[in-house]
Amino acid sequence: PSLLVEIAYLSNSDEEKLLNTASFQQRFAKALSSAIIKFLSGDSQKKMTFVKEKASPKKTQKIHIVLKGESLWKIAASHGVSIMDLKRVNRIDNEDHLLPGTKLALP
């Protein structure tokens, strides 16, 4: 068994800096270990049910390949999506760094 815990995004420079501080790492480790101990010591194990997920058909992800001179506004408008959704799906913080050839997932 394994456990994956996502606590921040490295693409967010503020969160990346926070992840590199010893005080944050200690606070997070203490909170995580406390939650695991609390979970394992309670009645929660008796209530756990494991269900095998059925494989769901994969959706085909539509993409747009950025052309020279294109902006997020132009791309969003041509595909009928909002700029905010386009930025969110592609984790874009700074739209000034949009380079030709970049593959953007469409929401």
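Helices, of at least four residues, and strands, of at least two, are DSSP runs numbered from the N terminus. The exercises below concern a predicted model.

**Exercise 1.** Locate E70 and determine which contacts surround its side chain.

*Solution.* Begin with the position: E70 belongs to the loop that links β1 (63-65) to α4 (72-79). Next, consider charge. E70 is buried yet forms no salt bridge. The nearest side chain of opposite charge is that of K74, at 5.0 Å, whereas a salt bridge requires a nitrogen-oxygen pair within 4 Å. Then examine polar atoms: a polar atom of the E70 side chain lies 2.6 Å from the backbone nitrogen of L67. Finally, with residues up to four places away in sequence set aside, E70 touches H64, I65, I75 and L98.

**Exercise 2.** Identify the salt bridge of the structure and state how exposed its partners, R88 and D85, are.

*Solution.* The structure holds one salt bridge. It joins the side chains of R88 and D85, with an N to O distance of 3.4 Å. Both residues lie in helix α5 (residues 83-89), three residues apart, or about one turn of the helix. R88 counts as exposed because its relative accessibility is 54%. D85, at 31%, counts as partly exposed.

Note on methods. Residues are numbered from 1 along each chain as its sequence is written. This is a predicted model: local features need pLDDT of at least 70, side-chain atom pairs count only at pLDDT 80 or more; totals for chains, interfaces and linings use all residues. Side-chain values use heavy atoms; hydrogens and water are left out. Buried means under 20% relative accessible area, exposed over 50%, partly exposed in between (1.4 Å probe, protein chains only). Lys and Arg count as positive and Asp and Glu as negative; His and the chain ends are not counted. A polar contact is a pair of N or O atoms within 3.5 Å; within protein, one must be able to donate a hydrogen and the other to accept it, and residues adjacent in sequence count only if both atoms are side-chain atoms. Contact means heavy atoms within 4.5 Å.
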